[in-house]
Amino acid sequence: MPPRENTGHPRRWAILGVLVISLLVVVLDNTILNVALRTLADPVHGLGASQGELEWSINSYTLVFAGLLFTFGVLGDRAGRKRFLMIGLVLFGLASLLSAYAQSPAQLIAARALMGVGGAAIMPVTLSIISNVFDPRERGRAIGVWAGAVGLAVAIGPILGGALLEHYWWGSVFLINVPVVAFGVVLVALLVPESRDPDPGRVDVGGVLLSVVGLVALTYGIIDGGEHGFGRPLVWVAILGGLAVLAWFVAYERRSEHPSLDVRLFRVPRFAAPVAIVGLVFFAAMGVMFFSSFYLQLVRGFSPLETGLLYLPFAAAQLVFAPSSAAMVRRYGGRAVAVVGLALTVVALGAFAFVDAATPIWVVLVVFFLQGTGMANIMPPATESIMSALPREKAGVGSAVSNTVRQVAGALGVAVLGSVLSAVYRADVDPALRDLPVAAREVAGESISGAYAAAGQLGPAAPQLIAVADDAFLAAMHWAAGLAAAVAALGIVVVLRWMPGRPAARVGEPGPVADRELAGTA
């Protein structure tokens, strides 16, 4: 039997390079700001931002980004993916410029929200364009490169941010986006073909509005709870209200004749299982990356640039293993590859429950490498399974669902694991703060960063406070790491129970496979 003709676009690998550039700038922005927070809090060299304003400078981006991802994935399928990609890049570049020259914390928070709008327009269409320009037989490898770019961006964000802050003012961490975006717009205009859903049907206005309201309310509740604790009624009104609206969205979509998301897909293991895995892994991993940065910079005393460089093993593992994961899936099946990846991730996350102030730094580097290796062998097969469950013309929906789950789960991981970290830290450190002045006691009891700031005003008593804060933080980190490892381990159960083994139909025509499975559940 002669080999089947390759149906991919002639310039597909060049197009993939352009999409990776577009993706890098969006994902970088999720991590690059973390190393600039101390500078932004400085009233002389930064904006004099309070702790709450610093948190919202990060969270305004996440909130808008997560809330609009699904909607923009659907609209990109209808209006044209290339068009949406270019609009998103222009918005992102403009918002980056506004962020770089913000004159107050409020202006920075607003500009970051606009960056979230641009990012939400960019990310889902990059994956859906890949599904359209690559033959199904090559799509797994292309998605592996895409996933590797995500991991690389997560890891190099702190490195780039630290390097810029050592030589330039804080706005440089945003200004660096502008030339990259301009270059990306030119390349997209020249190389990327336009594509859209050939039969989009009517706009599902009700479903789109319900998804936005539900996701924004849920994400807001998660973020606000992580900031101020989950004991306030407003937090639970937002979380439970968001969940209720999303449940309404599911019921609405089941009855709709033209749904923006066919919720029956969640009865197909090939779609539902990897979506669950993505959520569990990012819940655990983003929470651990959040507190590991504090561990490296405060407990171990590394500079922002040195901290960023310590994440290089994670990036290296992503670059080495993510592109080859498609070949591993073809050889051993998605279930086996995902289980091994999850097991490595569980080991790496759990290792932080045993790390302390005297742990050799090479051990931490090995842990980061194991985590990168594990996630490199989870994300590509999971993403490929999600995308292959849908026909090409609906690729934006699959991309948006995957990215929305990842963003919301990441925000939830930072919020929940951050809350565990804060609760254990406060319980352990409070008894040692009773003899401090009231102002210093309040600041030091809030976080390890506050304790270090308070120690700067205490003179001879400073070393004792720092030692107590370090011990309390390490104890809290161990509890949070244990919880993260348990959540990731739950993913192994999901894979073994529901994720298919070998690629269906030789990773051939994905749409009909999903159609057959849905027909079998009807």
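Colleague: What span does helix α4 reach, and what is expected?
Modeller: This is a predicted model. In it, α4 covers residues 81-100 and reaches 28 Å from its first C-alpha to its last. At 1.5 Å a residue, 28 Å is expected, so the span is close to that value.

Colleague: Which residues of α4 are buried?
Modeller: Among them are Phe84, Leu85, Gly88, Leu89 and Phe92. Ser99 is also buried.

Colleague: Why is Arg112 called buried?
Modeller: Arg112 has 1% relative accessibility. Buried means under 20%, so Arg112 qualifies. Arg112 is in helix α5. Its contacts include Asp29, Tyr61, Ser99 and Phe174.

Colleague: Why does Tyr101 count as partly exposed?
Modeller: Its relative accessible area is 47%. Tyr101 sits in the loop between α4 and α5. With Leu97, Tyr168 and Trp169, Tyr101 forms a nonpolar surface patch of about 440 Å².

Colleague: How many aromatic pairs are there?
Modeller: The structure holds 6. One of them is Phe72 with Phe84.

Colleague: What makes the pair of Phe72 and Phe84 edge-to-face?
Modeller: The ring centres are 5.6 Å apart, and a pair needs them within 6.5 Å. Phe72 lies in α3 and Phe84 in α4, so the pair ties together parts 12 residues apart in sequence.

Colleague: Is Phe72 buried or exposed?
Modeller: Buried, because its 15% is under 20%.

Definitions and conventions. Residues are numbered from 1 along each chain as its sequence is written. This is a predicted model: local features need pLDDT of at least 70, side-chain atom pairs count only at pLDDT 80 or more; totals for chains, interfaces and linings use all residues. Side-chain values use heavy atoms; hydrogens and water are left out. Helices (H or I, at least four residues) and strands (E, at least two) are DSSP runs, numbered from the N terminus. Buried means under 20% relative accessible area, exposed over 50%, partly exposed in between (1.4 Å probe, protein chains only). Contact means heavy atoms within 4.5 Å. Patches are made of residues with over 30% relative accessible area and no salt bridge: like charges are joined within 9 Å, nonpolar side chains (Val, Leu, Ile, Met, Phe, Trp, Tyr) within 5 Å. Accessible areas come from the Shrake-Rupley method with a 1.4 Å probe; for residues, only the protein chains shown count as cover. A salt bridge is a side-chain nitrogen of Lys or Arg within 4 Å of a carboxyl oxygen of Asp or Glu. Rings of Phe, Tyr and Trp (its six-membered ring) pair if their centres lie within 6.5 Å; planes under 30 degrees apart count as stacked, over 60 as edge-to-face and the rest as tilted. Lists of a residue's contacts leave out its neighbours within four places in sequence.
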